[in-house]
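Please view the structure before reading on.

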Amino acid sequence: MDAVTFDDVHVNFTKEEWNLLHPSQMNLYKDVMLETYWNLTSIGYKWEDHHIEESCQCSRRHTR
């Protein structure tokens with residue numbers, strides 16, 4: 001079995017898709033992705049090749 005990566009579990013919404021979500025869905029997405037980030041980090045996953053900060057900033061911009 002191959003290791004799970006962030007790309008395996010990350011859902012990348014377009015701005016238009018993000019705007020269609022209910023605020024509770026946005027919050028759930030953020031909570032799940034944060035938990036996924038911490039879980040992968042706890043098993044030693046390395047984030048050098050990913051734009052995690054950029055993804056988080058993008059999600060925050062869409063909620064404004």
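At 7% relative accessibility, Phe6 counts as buried (under 20% relative accessible area, with exposed meaning over 50% and partly exposed in between, for a 1.4 Å probe and protein chains only). The model is predicted: local features need pLDDT of at least 70, side-chain atom pairs count only at pLDDT 80 or more, and totals for chains, interfaces and linings use all residues. Residues are numbered from 1 along each chain as its sequence is written, and side-chain values use heavy atoms, leaving out hydrogens and water.

Phe6 lies in helix α1 (residues 6–9); helices are DSSP runs of H or I with at least four residues, numbered from the N terminus. Between the C-alpha atoms of Phe6 and Tyr45 there are 8.6 Å in space, while 39 residues separate the pair in sequence.

Both belong to the largest nonpolar core, which has eight residues, among them Trp18 and Leu21. Such a core is a set of buried Ala, Val, Leu, Ile, Met, Phe, Trp, Tyr and Cys residues joined through side-chain atoms within 4.5 Å. Helix α3 gives the most to this core, with four residues.

Helix α3 (residues 23–42) has 20 residues and spans 29 Å from first C-alpha to last, close to the expected 28 Å, which is 1.5 Å times one less than the number of residues.

| Side of α3 | Residues |
|---|---|
| Buried | Met26, Tyr29, Met33, Thr36, Leu40 |
| Exposed, turned away from the buried side | Leu28, Asp31, Glu35, Trp38, Ser42 |

The buried residues of α3 fall within an arc of 95 degrees seen down its axis, so they line one face of the helix; the arc is that of the directions from the helix axis to the C-beta atoms. Just after α3, Gly44 has a positive phi of about 95 degrees.

Key:
Helices (H or I, at least four residues) and strands (E, at least two) are DSSP runs, numbered from the N terminus.
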